[in-house]
Amino acid sequence: VTFENVLVLRSETTTDGSRVFMDLTGSGGGYFACGGQMVQILWHRNSANEPFSYTLTDGTPITLEVGRSYVAIVPLDASVTIQ
């Protein structure tokens with residue numbers, strides 16, 4: 001399976017033993033990979049009913065390529081390896 005856009009979003013996570021809860025409102029950091037390159041990004045979302053917005057760390061909005069996208073959400077302390 002191939003994707004034109006890969007986003008890795010870091011989020012505060014908690015568990016209650018059997019379920020994982022992710023805080024996906026507010027803002028956080030992450031990575032965006034597209035066209036053989038990867039950059040650090042910031043994500044933002046005001047409420048659960050709104051879409052995410054993504055920017056470079058300097059505030060410049062990113063543009064997703066047309067096609068399939070994959071979004072991974074990882075805990076703040078997770079190790080992320082890009083190959």
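The following dialogue walks through a predicted model of one protein chain.

Biologist: How do I read the way strands are put together, and what is the order of the strands in the open sheet?

Modeller: The general idea is that strands of a sheet pair through backbone hydrogen bonds, either parallel or antiparallel. In this model, five strands form an open sheet with mixed pairing, in the order β6-β5-β4-β1-β7. At its edges stand β6 (53-56) and β7, each with a single partner strand, so one side of each has no neighbour in the sheet. On average, neighbouring strands of this sheet are turned by 30° against each other, direction ignored.

Biologist: Which strands pair with β1, and in which sense?

Modeller: Strand β7 (residues 69-75) pairs with β1 in the parallel sense, over seven bridges. Strand β4 (residues 26-34) pairs with β1 in the antiparallel sense, over four bridges. Residue V6 shows both pairings: its bridge partner in β7 is Y70, and its bridge partner in β4 is A33.

Biologist: Is strand β1 largely enclosed or left open by the rest of the structure?

Modeller: Look at how many of its residues are buried. For β1 (residues 5-11) this is six of the seven, so the strand is largely enclosed by the rest of the structure.

Biologist: What about the other end of the sheet: how many bridges join β5 to β6?

Modeller: Strand β5 (residues 37-45) is joined to β6 by four bridges, and the two run antiparallel. One of the residues to look at is H44, which stands opposite S53 in β6.

Biologist: You named Y70 as a partner of V6. Is Y70 buried or partly exposed?

Modeller: Y70 lies in strand β7. Its relative accessibility is 41%, so Y70 counts as partly exposed. Leaving out residues up to four places away in sequence, Y70 touches F3, N5, V6 and L7. Y70 and S18 are 52 residues apart in sequence, and their C-alpha atoms are 25 Å apart in space.

Biologist: How can I read sequence separation over the whole chain?

Modeller: Take the contacts between residues at least 6 apart in sequence. In the protein chain, 47% of these join residues at least 24 apart.

Biologist: Next, charged residues. Which residue forms a salt bridge with D16?

Modeller: In general, side chains of opposite charge can pair when their charged atoms come close. The count for this model comes to one salt bridge. D16 forms a salt bridge with R19, and their closest N and O atoms are 2.6 Å apart. Both ends are partly exposed: D16 has a relative accessible area of 40%, and R19 has one of 49%.

Biologist: What is the nearest side chain of opposite charge to R45?

Modeller: R45 is found in strand β5. R45 is buried yet has no salt bridge, and the nearest side chain of opposite charge, E50, is 7.3 Å away. The cut-off for a salt bridge is 4 Å between a side-chain nitrogen and a carboxyl oxygen. A polar atom of the R45 side chain lies 2.6 Å from the backbone oxygen of A48. Another backbone oxygen, that of E50, lies 3.0 Å from a polar atom of the R45 side chain. Beyond four places in sequence, R45 touches L24, T25, G26, E50, P51 and F52.

Biologist: And R10, is it buried or exposed?

Modeller: R10 has its place in strand β1. R10 is buried yet has no salt bridge, with D77, the nearest side chain of opposite charge, 6.6 Å away. The R10 side chain reaches the backbone oxygen of A78 at 2.9 Å. Setting aside neighbours within four places in sequence, R10 is in contact with several residues, among them G28, G29, G30, Y31 and W43. Its contacts also include V74, P75, L76, D77, A78 and V80.

Key: Residues are numbered from 1 along each chain as its sequence is written. This is a predicted model: local features need pLDDT of at least 70, side-chain atom pairs count only at pLDDT 80 or more; totals for chains, interfaces and linings use all residues. Side-chain values use heavy atoms; hydrogens and water are left out. Buried means under 20% relative accessible area, exposed over 50%, partly exposed in between (1.4 Å probe, protein chains only). Two strands pair if DSSP finds at least two bridges between them. Axes are lines fitted to C-alpha atoms, for helices over the stretch in contact, and angles run from 0 to 180 degrees between N-to-C directions. Lys and Arg count as positive and Asp and Glu as negative; His and the chain ends are not counted. A polar contact is a pair of N or O atoms within 3.5 Å; within protein, one must be able to donate a hydrogen and the other to accept it, and residues adjacent in sequence count only if both atoms are side-chain atoms. Contact means heavy atoms within 4.5 Å.
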